Amino acid sequence: MHIHELNPWRTLIAVSIFVVILVIGFLTMPKSLFEYEKSIDESIEAVINGEDYFYPWELEEVIANKPDSIVLFDIRDNFVFGQGHIPGAENLSASTLADPDNIERLEALRDMGVTIILYGESELQANGPWMFFRQVGFNNIKLLLGGYEYYKANEDDLYNTINDDAYFSGFPRYDYADLAAPKDGSDLGPDQDNQPVQVRRREKTNVAAGGC
């Protein structure tokens, strides 16, 4: 016979206390900072339609006129931002984007109807934060196509990029042909004979007496 069968009131009291602790835990649990308002499918559809993009040629007017209705946020780290950024942009590092103070700022801009443009070194760097904020209800956030790399390559004549879609292909990180070229300056041609590699076998040494 179990000990609680001798005193069922103890069991009832223990269970009641446990339930009360669970209820208090759920009631005092901190509320989630974000709630998803868009599904993955809706986010992908927005990407396909391009409705949340900001094109590089549109920067020309933003830089020249500095409208109050648009804010540029550079999500690169502070050191890289200090080395160069789009004129008028503010630094809001990706590592601090979800800080309560920054979220409060983003919410205030959204409530004011201000369009937020996110950009990183490349388009890919800002893609994750942009999609996340769109999913949690920041429908005023757009992604700068091409990122800072594309802007820097075309900053002298941004408007002429209106018919250019090179930002979709991105920029190569490495010149693989250069990396594969011989370091002695000789050329690798298709007619160059492949010399066989001579393999020299090691001669088997005699095992010392008494060895295994």
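Visitor: Which residue does the side chain of aspartate 111 meet in a salt bridge?

Guide: Please note that this is a predicted model. The general idea is to look for a side-chain nitrogen of Lys or Arg within 4 Å of a carboxyl oxygen of Asp or Glu. Here, aspartate 111 is joined in this way to arginine 110, with 3.7 Å from N to O.

Visitor: How many salt bridges does a search of the whole structure find?

Guide: The search finds six. One of them links lysine 152 and glutamate 155, at 3.1 Å from N to O. Lysine 152 is partly exposed, with a relative accessible area of 43%, and glutamate 155 is likewise partly exposed, at 31%. Elsewhere, salt bridges with shared partners connect Asp74, Arg76 and Glu121 in one network.

Visitor: What is the distance between the closest N and O atoms of arginine 76 and aspartate 74?

Guide: In that salt bridge the atoms are 2.7 Å apart. Arginine 76 counts as buried, at 3% relative accessibility, and aspartate 74 is buried with a relative accessible area of 0%.

Visitor: Why is strand β2 described as largely enclosed by the rest of the structure?

Guide: Strand β2 spans residues 70-74, and four of its five residues are buried, so the rest of the structure largely encloses it. As a general idea, side chains in a regular strand alternate between the two faces of the sheet.

Visitor: Which strands pair with β2?

Guide: To read pairing, one looks for bridges between strands. Strand β4, residues 115-119, runs parallel to β2 and is joined to it by five bridges; within this pair, leucine 72 lies opposite isoleucine 117. Strand β3, residues 90-91, also pairs with β2 in the parallel sense, over two bridges, and there phenylalanine 73 faces glutamate 90.

Visitor: How many helices and strands are there in the protein?

Guide: The protein has nine helices and five strands. Along the sequence they follow the pattern α-α-α-β-α-β-α-β-α-β-α-β-α-α.

Visitor: What percentage of the residues count as buried?

Guide: Of the 212 residues, 27% count as buried.

Key: Residues numbered from 1 in each chain as written. Predicted model: local features only at pLDDT ≥ 70, side-chain atom pairs only at ≥ 80, totals over all residues. Heavy atoms only, no water. Buried < 20%, exposed > 50% of the residue type's maximum accessible area, 1.4 Å probe, protein only. Pairing = 2+ DSSP bridges.
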